[in-house]
Amino acid sequence: SFVYYSHGNKIITEPGFLNFSNSLERQFTISFQAHNSILPTKFLDNFNLNIKCLFKSYATDDNYYYSELVGEIEHSQVKREFFMSSNYLIIIDSISTSAEQDWLRIFNLSDDVDEVSIISENTIKVIMKDDEIFYFTSYMNPLEKINGQHSPRIGWLAIPQIKLDPSNAIIQKNKRNN
């Protein structure tokens, strides 16, 4: 799980706390898919999924930040690398698997986002409430915008002790097996 702030804006977030019930909504808020992840689509809405990742390395200096996470799911190796400076965040997800299966990358947008516009199949423009503009781009596989989807459950933020509210998420589907 990660959240991303830039220039005083919370851009990528997690759904937040709902309550301590055993409802489907509560299960979603603590699920793997609600926390800006990449996973096989067959595990969507499987709220008992528990994946452990290894935080492999960390390096920083005055100009950039780098980290790497490695995990295993469904006999597949997943590696996520973060490269960040004050002006950008680059996320490189690598999946190595022998099985042909569909994967989904999910980024939950915060309620500080005012508008989400699709510029092209590989670029989405995000305008914050303070009019700051950010772009999500991909060099492969189109990006999509989702808002409060029920099946699978994607694009929701919690109003604590009350309910889940529809919110924007950016997703990317991947069918590659290596």
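Me: If a salt bridge is a side-chain nitrogen of Lys or Arg within 4 Å of a carboxyl oxygen of Asp or Glu, which salt bridge does aspartate 165 form?

Reply: The side chain of aspartate 165 meets that of lysine 163 in a salt bridge, at 3.5 Å from N to O. This is a predicted model, in which local features need pLDDT of at least 70, side-chain atom pairs count only at pLDDT 80 or more, and totals for chains, interfaces and linings use all residues. Residues are numbered from 1 along each chain as its sequence is written, and side-chain values use heavy atoms, with hydrogens and water left out.

Me: How many salt bridges does the structure hold?

Reply: The structure holds 4 salt bridges. One of them joins the side chains of arginine 80 and aspartate 93, at 2.6 Å from N to O. Another joins aspartate 93 and arginine 105, at 3.3 Å from N to O.

Me: Is aspartate 93 buried or exposed?

Reply: Buried means under 20% relative accessible area, exposed over 50%, and partly exposed in between (1.4 Å probe, protein chains only). Aspartate 93 counts as buried because its relative accessibility is 16%. Arginine 105 is likewise buried, at 16% relative accessibility, and arginine 80 is buried as well.

Me: Why does lysine 163 count as partly exposed?

Reply: Lysine 163 counts as partly exposed because its relative accessible area is 42%.
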